[in-house]
Each structure stands twice: as structure tokens, then as C-alpha cells.
Amino acid sequence: MSRDRDPRTLRRPARSALIATSATALSLTASGCVVVHGEREILPSTTRTEAAQALQEFTTAYNEADKAYDGTLDAGHTTGALADIDSARLKAGKANNPDGNPRHTPLKLTDAKFTIPKKAGWPRWFVADAAGNKGGTARWLLVFTRSSLDDPFQVAYLTLVAPDKVPQFKTDADGWAEPVPVNSTDLATDPGDLSRTYTTFLKNGGETFTDGPHTSQWRAARQKNSKKPGMVTQYIDEPLTNGDYAPLALRTADGGALVFFTTRHFEKQTAYAGTSVPTPNKDVLALTKGEIKQSFTMEFVSNEVALDPKGQGKVTILGRIQGLTSAEGS
């Protein structure tokens with residue numbers, strides 16, 4: 001083993017870095033709902049008209065940024081996990097294509113449905129569920145949030161989910177949804193604990209989550225890749241739960257919850273003496289500090305969406321988008 005830094009010591013500014021999967025971003029730059037004493041009164045987070053406008057502004061900002069590979073064009077429209085992922089993707093793209101994205105295809109989001117919770121206090125937020133011209137038949141789930149009436153809506157979470165996996169939400173007579181407190185104890189796992197529970201599962205396994213590509217299959221793939229001829233790969237997973245990374249949950253019609261949450265992941269490759277780590281692709285190199293010799297550590301941010309059942313049962317991860325945000329060689 002070389003004298004490399006432990007991967008847990010890698011950090012970067014909260015709004016650094018990339019998208020490995022196609023993501024997007026936006027914000028509602030204007031008014032917002034009319035709120036009187038919004039800290040105390042239970043009111044819809046926004047109007048349906050404003051939510052639709054927010055989605056349109058999101059699409060416009062994302063397309064401009066993606067076409068130019070210019071993170072300044074949508075930086076005001078993203079926050080949290082999506083900001084980390086998207087800004088890094090654009091940074092890498094710009095480094096390798098200074099004149100813009102030669103493969104740009106405008107994103108189109110149609111058949112939009114809006115689930116708007118009625119709540120007191122901040123943040124105010126809502127979920128947009130739309131069909132996209134990217135990602136096959138998957139539905140695009142975007143969570144818009146803002147922390148005060150003076151702030152624009154920004155997208156904190158973006159995940160892709162199969163159409164038949166998007167749940168029905170509990171709504172009142174006027175169609176407003178019900179938010180679930182992060183410390184709710186009537187679910188299989190408290191929404192506020194999901195990030196920590198998920199990272200613990202990735203390390204140790206367990207019975208909390210149903211089998212699938214983001215749980216048992218991902219663990220199996222890691223175990224297979226941990227030792228290859230001439231190289232060892234280590235994985236470290238960390239929960240992200242504060243500020244713009246805070247989990248958000250909506251009550252489903254069956255009494256459970258749809259929960260959006262964030263995690264951070266490190267992957268450290270260490271070559272045996274006399275060998276070297278394989279050179280990564282140019283997009284990864286654009287986000288890499290240091291010279292890659294015997295070790296290489298990558299940092300990823302991931303945002304997940306999960307079905308958390310009422311009472312007992314297992315949590316199901318419905319979708320996950322993960323992006324490289326930084327890397328370091330030594």
C-alpha cells in the first residue's frame with residue numbers, strides 16, 4: 001500500500017463537481033405563492049401554475065448550460081446533490097470541449113404532474129413528475145425547494161423511475177399532498193435515518209432493503225471488483241443529511257412514504273508495488289487533482305428515491321443518480 005491519504009479526507013466545496021448520468025436543473029426565479037406568516041400557517045408550498053413555470057425554467061436553464069457546457073447558466077437553479085453532480089459534469093465537459101457540447105440534444109419534459117405538499121415552515125417544496133425524451137420510458141422526478149419567500153425554487157433532487165413504480169400520493173380534497181416529518185416513527189425506517197441506514201447497508205448488508213440494482217446487486221458488484229489482479233479497491237460510504245442535503249418525504253396513498261435522500265461515496269484504487277492504476281477517461285481526468293501513480297480516489301455524490309412502507313417491511317430503492325464530483329491521484 002502507498003502512503004495515500006485516506007479517501008475520507010477528500011473534500012471539496014459543497015457546490016463542486018460533476019454528473020455522470022444525464023441530469024438537469026432549474027428554478028422558479030419569480031414570485032412564489034402568497035404566504036402570510038408562512039412560518040406558522042399550513043399552506044400549499046406553491047401554486048400549480050408556478051410549479052409548471054418552475055419546470056419550464058428548469059428545462060430552459062438546463063439546456064442552455066448543457067449546450068454551452070457552462071455551469072454559470074444553471075448554477076442558480078440547482079442545490080444540494082443535483083448541484084454537486086451537475087456542476088461537475090459541466091466542468092468536465094467544458095475542460096474537454098471549450099466550444100460547447102458537440103452532442104447536445106435539448107431536453108424536453110412533457111406530461112408533467114405536480115405533487116405539492118401543504119405545510120408550515122421552511123423549506124417549501126414540491127415534486128414534478130414528467131416524461132422525458134432522454135432516459136427511455138422512465139419518469140423524471142424532480143424536487144424543487146426553497147428556504148424563504150425571497151429565494152427562487154431550486155432543484156435539489158433528480159431521479160429517474162420506471163412509470164409503474166411511481167406511487168399514488170395521499171392528497172386532501174383540494175389535491176394538496178401531505179409531507180412526512182423526517183423523524184416520523186410510523187414507517188419501516190425514519191426518513192431522516194435513511195441516508196445513514198443505506199450507507200450502513202452498503203458496508204455490512206442486512207435486511208432493511210429489498211434486493212435490486214441499488215442494493216444487493218451493487219454490493220455484489222463491489223465485492224467482485226474489490227480485488228483484481230494487481231489492484232485493490234476500497235469503498236467508503238457516508239450519509240449526507242444536513243442543509244440542502246436534507247431528506248424530503250411525501251405520504252403515499254397506502255400510508256407509506258416516498259423519500260428523497262442523499263449519500264456520498266468514495267472509491268479508492270491502490271495498485272500493488274511495481275504496477276500502476278489504469279488511466280481513467282478524459283472526463284474523469286478533468287476533475288482529478290494530483291498525479292495518478294499508485295493510487296486513485298474518486299468521490300461521488302448520489303441522490304436516491306425510496307419507498308418506505310408503513311409499519312414493518314423493507315425499503316425499496318426506486319431510483320438513484322450518481323455523479324463523480326472530484327478525484328485525486330498519488
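In this predicted model, F144 counts as buried because its relative accessibility is 0%, where anything under 20% qualifies.

The model contains nine aromatic pairs. In one of them, the ring centres of F58 and F144 lie 6.3 Å apart with the planes at 80 degrees, and the pair is therefore edge-to-face.

The largest nonpolar core comprises 23 residues, and L55, F58, L109, F126, L142 and F144 have the most contacts inside it. At least two residues of this core are supplied by each of α1, α2 (80-96), β5 (124-132), β6 (139-146) and β7 (153-161). The largest share, five residues, is contributed by α1. L109 illustrates how these elements meet: apart from neighbours within four places in sequence, L109 is in contact with L55, F58, T59, A130, A131, G132, W140 and L142. Another core, of 16 residues, lies apart from the largest one and includes V143, V166, L248 and V305.

Helix α1 itself deserves attention. Its 21 residues, 48-68, should span 30 Å at 1.5 Å a residue, and the end C-alpha atoms are 31 Å apart, which agrees. The buried residues of α1 include L55, F58 and Y62, but also E50, E57 and D66. Just after the helix comes Y69, which is found in the loop between α1 and α2. The phi of Y69 is near 50 degrees, a positive value in a residue other than glycine. With a relative accessibility of 8%, Y69 counts as buried because the limit is under 20%.

A positive phi of about 50 degrees also occurs at D111, again not a glycine. D111 is placed in strand β3, residues 109-115. Its relative accessibility is 49%, so D111 counts as partly exposed. A further backbone feature is the cis peptide bond between W122 and P123, with omega about 5 degrees. P123 is found in the loop between β4 (118-119) and β5.

G205 follows the helix with a positive phi, near 80 degrees.

Y198 lies in helix α3 (residues 194-204) and F209 in the loop between α3 and α4 (216-225), eleven residues apart.

Two arginine residues are placed over aromatic rings. R219 lies over the face of F201, 5.9 Å from the ring centre. The charged end of R320 sits over the ring of W218, at 3.8 Å from its centre.

Terms used: Residues are numbered from 1 along each chain as its sequence is written. This is a predicted model: local features need pLDDT of at least 70, side-chain atom pairs count only at pLDDT 80 or more; totals for chains, interfaces and linings use all residues. Side-chain values use heavy atoms; hydrogens and water are left out. Helices (H or I, at least four residues) and strands (E, at least two) are DSSP runs, numbered from the N terminus. The expected span of a helix is 1.5 Å times one less than its number of residues. Buried means under 20% relative accessible area, exposed over 50%, partly exposed in between (1.4 Å probe, protein chains only). A nonpolar core is a set of buried Ala, Val, Leu, Ile, Met, Phe, Trp, Tyr and Cys residues joined through side-chain atoms within 4.5 Å. Contact means heavy atoms within 4.5 Å. Rings of Phe, Tyr and Trp (its six-membered ring) pair if their centres lie within 6.5 Å; planes under 30 degrees apart count as stacked, over 60 as edge-to-face and the rest as tilted. A charge sits over a ring if NZ of Lys or CZ of Arg is within 6 Å of the ring centre and within 35 degrees of the ring normal.
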